[in-house]
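Let's take a walk through this fold together, starting with the strands and ending with the helices. Keep the picture open while you read.

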Amino acid sequence: MKVYEKITMLCPHPVKGQFIYKDMFQIYPGEDSGEGPYCRDYPITIEICTEVAEPYFRFSTHPHKLPMGQKIIELQHMLSVFSQFYFSNGTISETSLNEFSKIAFENIPLNCISYYQNGLLYSTDIEQVCFPPDLELYFDKYFSLDNQKAKLAFRKAAYLFYLGVEMEPKYRSHSFASFVSAIETLVKVTYPKSKRCTNPECGQPIYSATRKYCDFIREYTGITNDAYVKSLYSARSKFLHEGQILLSETPWEDGRDVYENNDYWLRKNIIGITRVCIINWLLRQ
């Protein structure tokens, strides 16, 4: 049976138009003002249609395990990857729908967003949510994936990307690690571990994890500076294994202005690099 639900999400930037994707979901401005974790968040209404088995339970103590709950989380993560905006957890309306609401807004602007642009997330310079021109193509590609292993890898990468976005304002080192790990999720399925991963004579890795990481980013972003890519991977490793947090998160450990710290620029760039990697990888599947 087909089920329709109305969900309210929050975003640091307002939605002033509508976006309709086939008969699967539609997005339009929320009705009321909202307050979220980032001071002033704007409500966004998303209506979703999905196929579920009977009997259908609208609410549960574990909503993420329900088909509709999984659909909401999936869409939430994809929107954050495919656009440059953060969409917080959705709340299902108390009243169910029999069909999509009839809406009459202008379309959400489609702009060619530079994913390498300067400026971190939650910028106040952006007036409203806009989507890339190929957004529908991204959704088409994802929903048409037959390779379940690839589909699961994308879901994991999108989830880690979403966590990185969510943590970025407060837990920058954790956020950075999540972005790097999102790419590594796709590296694993793109370059599976071979039986002979080390040289039997000297014991050195034939194809190390760092080498795979550099090759992956080179292939899916065109970045050829291996030393820079290794610095991203190294910063994540030092945080996970040595507890070395980013200096831009603890400016009291460094006498320079926070914008002069190399870690600050690593943090800025990893967001765009990760997004481009995930999208380009998806398009090649």
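Predicted model: local features only at pLDDT ≥ 70, side-chain atom pairs only at ≥ 80, totals over all residues.

Two strands count as paired when DSSP finds at least two bridges between them.

Let's begin with β4, which covers residues 42-51. In this strand, the bridge partner of Pro 29 is Ile 44. Pro 29 sits in β3, the strand of residues 25-29. Another pairing to look for is Ile 27, which stands opposite Ile 46 of β4. Altogether, five bridges link β3 with β4, and the two strands run antiparallel.

Now turn to β1, residues 2-11, which also pairs with β4. Here there are ten bridges, again with the strands antiparallel. To find your way along this pair, look for Val 3, which faces Thr 50 in β4.

Zoom out and you'll see an open sheet of five strands. What is the order of those strands? Reading across, you get β2-β3-β4-β1-β5, and the pairing is antiparallel. The edges belong to β2 (19-21) and β5 (91-92); each has a single partner strand, so one side of each has no neighbour in the sheet.

How many of the ten residues in β4 are buried? Eight of them are, so this strand is mostly covered, given that buried means under 20% relative accessible area.

Is Cys 11 buried or exposed? Its relative accessibility is 0%, and because that is under the 20% cut-off, Cys 11 counts as buried. Cys 49 comes out at 7% relative accessible area, so Cys 49 is buried too. As for disulfides, they need a pair of cysteine sulfur atoms within 2.5 Å, and by that rule the count here is zero.

**The helices**

Other helices pack against each other. Two packed helices are described by the angle between their axes and the distance between the axes.

| Helix pair | Axis distance | Axis angle |
|---|---|---|
| α3 (residues 148-167) and α4 (residues 172-190) | within 7 Å | roughly 170° |
| α4 and α6 | 9 Å | about 125° |
| α5 (residues 209-221) and α6 (residues 226-242) | within 10 Å | roughly 120° |

How do you put words to those angles? Anything over 145 degrees counts as roughly antiparallel, so α3 and α4 get that label. Their contact involves residues including Phe 154, Leu 160 and Phe 161 of α3, and Phe 179, Leu 186 and Val 189 of α4.

The axes of α4 and α6 are 9 Å apart, at an angle of about 125°. That makes α4 oblique to α6. Their crossing is left-handed. Among the α4 residues in this contact are Phe 176, Val 180 and Glu 184, while the α6 side includes Leu 232, Arg 236 and Phe 239.

Is their crossing left-handed or right-handed? The crossing of α5 and α6 is right-handed. Their contact includes Tyr 213, Cys 214 and Ile 217 from α5, plus Val 229, Lys 230 and Tyr 233 from α6.

Note on methods: Residues numbered from 1 in each chain as written. Heavy atoms only, no water. Buried < 20%, exposed > 50% of the residue type's maximum accessible area, 1.4 Å probe, protein only. Helix = DSSP H or I, 4+ residues; strand = E, 2+ residues; numbered from the N terminus. Axes fitted to C-alpha atoms, helices over the stretch in contact; angles between N-to-C directions. Left-handed = near helix turned anticlockwise from the far one by under 90°. Contact = heavy atoms within 4.5 Å. Parallel < 35°, antiparallel > 145°, perpendicular 65-115°, else oblique.
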